[in-house]
Every structure is written in C-alpha cells, then in structure tokens.
Amino acid sequence: MADSKSLREKKKLALAIIERLKQEYPDTDCTLDYDEAWKLLVSVRLAAQCTDARVNVVVQDLYAKFPTLEALSEASVEEIEKIVRPCGLGNSKARDISACMKVIRQQYGGKVPDDFDDLLKLPGVGRKSANLVMGDVFGKPAIVTDTHCIRLVNRMGLVDQIKEPAKVEKELWKLIPPKEGNDFCHRLVDHGREVCTARTKPFCEKCCIRDICGKVGVSGS
C-alpha cells in the first residue's frame, strides 16, 4: 500500500504545482516560431544542442530559400546544411530534415501525420519531438520531457531520480491529467529558465511553489 499512497501523494502534489504554475505563467507557449506543422518539426530538430532563439533566427533564412515543404524536400542536404550550420551538428540535422520532408511528401501527401506512432517513424523525430507536435499542433495529450522538465520534476519530487526522458515521460503520464500535460511542460520551461535554473542553487526565494517543492538535490534546502 505504500507505493499506492506515494502515487496518490504525487498526484496531489502534481495538481497543486500545475495550478501554481498556471497562475505564474498564464500565457505559456512553445518558444520555437512556426506557422505550419512541418516547420515545427524542422525547428525542433535544429534545437538539439542549440538555443531556441538561435533556431528562430536560422529558420528565417531557410524558409526564405525553401518556403514550402515541397521546396525543402527537393533541396540537397548540402544546401540545407549551409544554412543550418550555425545550429551545430549541421550535416546530421540537414540529413534528417531532408529525409523527413521527403517522407512526409511521399508517404503522407505533404501533411504531417497526427498519429504519434506515425510521427515516430519520421527521420529525426523522437518522442520529445512527436509529443511537441501532438500537443502544440494537434491539441492532443502530450508530455514533452526536455532538459528543463527532467530537472524540475526530479527537484519537485514528482519523479524519483529518473533522468531518462522516456522513463520520466512514463512516470508523468501517471500523475498529470492528459489535458494539462502540454501546457504544464511549457510552463516547466518558463520556470526552469526564470527561477529553477540549472544552477546548483536555484532562486528558491522567489519560487511560486517553494512551500510544496521537494527541493531534491538542491544544496542548502
């Protein structure tokens, strides 16, 4: 019964945190700029080991030269790489983007699929990317376990020293109401950048959940 009680306690904590973060960050949203589903896939691939701010600048040049999914699918890997190189890992990202656009065009009629398993089959698309598209583009339940999410839910005590994204996601599905998952993860990014930073000592004194947070691994807590 101890495990069951622990799960109930975590669910209660999760709901309290969700409500506090809603009040603190009411207008949360994805920090990657896009106006079409395929552009979000491009941006999230470029965002690996790169800031969203830089990605938002680089894609402007990419779409100026290749404004449609069809145009990008016909571009050579070398042409794409020249533009996306500032995001790092240029060759591998360019290869994935090229292959992904080709598959969407050839197998899905040029439209990004709204099925999670189909998204996972696309080149360069992992669970994080697929969840982001499911939640932001299609408005379906999603949990995006990026670095902010993993750091914060461990500190808060919602998960117990789990670092693998897929395992964190699995645990959060047990705690977070499906309709709340997508925005909750966006708010974790907001909170992780502004307050619960990656520093050893985050800014707990100005945190909206300081009285209910587990502060796991925070020195001096």
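Reader: Are W38 and Y63 buried or exposed?

Author: The model is a predicted one, and the answer holds for that model. Under 20% relative accessible area counts as buried. W38 falls in that class, and so does Y63: both are buried.

Reader: How many aromatic pairs are there, and what is the geometry of W38 and Y63?

Author: The count comes to one aromatic pair. A pair of aromatic rings is described by the distance of the centres and the angle of the planes. For W38 and Y63, the centres lie 5.3 Å apart and the planes make an angle of 75°. Planes over 60 degrees apart count as edge-to-face, so the pair formed by W38 and Y63 is edge-to-face.

Reader: Which parts does the pair of W38 and Y63 tie together?

Author: W38 belongs to helix α2, while Y63 belongs to helix α3 (residues 52-65). The pair therefore ties together parts that are 25 residues apart in sequence, namely α2 and α3.

Reader: Which residue lies over the face of Y63, and which over the face of F203?

Author: Over the face of Y63, at 4.8 Å from the ring centre, lies K39. For F203 the distance from the ring centre is 5.0 Å, and the residue over the face is K206.

Reader: How many salt bridges does a search of the whole structure find, and what separates the closest N and O atoms of D211 and R20?

Author: The search of the whole structure gives 14 salt bridges. One of them joins D211 to R20. The closest N and O atoms of D211 and R20 are separated by 2.7 Å.

Reader: How far apart in sequence are the parts that D211 and R20 tie together?

Author: D211 lies in the segment after α11 (181-194), and R20 lies in helix α1 (residues 2-24). With a relative accessibility of 56%, D211 counts as exposed, whereas R20, at 27%, is partly exposed. The salt bridge of D211 with R20 therefore ties together parts whose separation in sequence is 191 residues.

Reader: Which helices hold E169 and R127, and is E169 buried or exposed?

Author: The side chains of E169 and R127 meet in a salt bridge, at 2.8 Å from N to O. E169 lies in helix α10 (residues 165-173) and R127 in helix α8 (residues 127-136), so the pair links parts 42 residues apart in sequence. R127 has a relative accessible area of 36% and is partly exposed. E169, at 3% relative accessibility, is buried.

Reader: What is the N to O distance for K167 and E164, and which residues are linked with E19 in a network?

Author: E164 is partly exposed, its relative accessible area being 40%. Its side chain meets that of K167 in a salt bridge with an N to O distance of 3.9 Å. In the network of salt bridges, E19 is linked with K22 and E180.

Reader: How many cavities of 30 Å³ or more are there, and which residues lie nearest the centre of the largest cavity?

Author: The count comes to two cavities of that size. The largest cavity holds about 100 Å³ of space. Its lining divides into 10 nonpolar residues, one polar and three charged. Of the 14 lining residues, those nearest the centre are C196, P202, C204, C207 and C213.

Reader: Which helix gives the most to the lining of the second largest cavity?

Author: The second largest cavity has a volume of about 60 Å³, and its lining includes L41, R45, D96 and M101. By class, this lining has seven nonpolar, one polar and two charged residues. Both α2 (37-46) and α6 (90-107) supply at least two residues. The helix that gives the most, with four residues, is α6.

Reader: What is the volume of the largest pocket, which residues are closest to its centre, and which helix gives the most to its lining?

Author: The largest pocket holds about 370 Å³ of space. Among its 22 lining residues, D52, K128, D146, V189 and R193 are the closest to its centre. The lining divides into 10 nonpolar, six polar and six charged residues. At least two residues come from each of α8, α9 (147-156) and α11, and the helix that gives the most, with five residues, is α11.

Key:
Residues are numbered from 1 along each chain as its sequence is written. This is a predicted model: local features need pLDDT of at least 70, side-chain atom pairs count only at pLDDT 80 or more; totals for chains, interfaces and linings use all residues. Side-chain values use heavy atoms; hydrogens and water are left out. A salt bridge is a side-chain nitrogen of Lys or Arg within 4 Å of a carboxyl oxygen of Asp or Glu. Buried means under 20% relative accessible area, exposed over 50%, partly exposed in between (1.4 Å probe, protein chains only). On a 1 Å grid over the protein atoms alone, a cavity is a set of points where a 1.4 Å probe fits but cannot get out, and a pocket is an open set with protein on both sides within 12 Å along at least five of seven lines; lining residues have an atom within 4 Å of a point. Grid points are joined across faces, edges and corners, and a volume is the space filled by probe spheres set on the points. Ala, Val, Leu, Ile, Met, Phe, Trp, Tyr, Cys and Pro count as nonpolar, Asp, Glu, Lys and Arg as charged, and the others, Gly among them, as polar. Rings of Phe, Tyr and Trp (its six-membered ring) pair if their centres lie within 6.5 Å; planes under 30 degrees apart count as stacked, over 60 as edge-to-face and the rest as tilted. A charge sits over a ring if NZ of Lys or CZ of Arg is within 6 Å of the ring centre and within 35 degrees of the ring normal.
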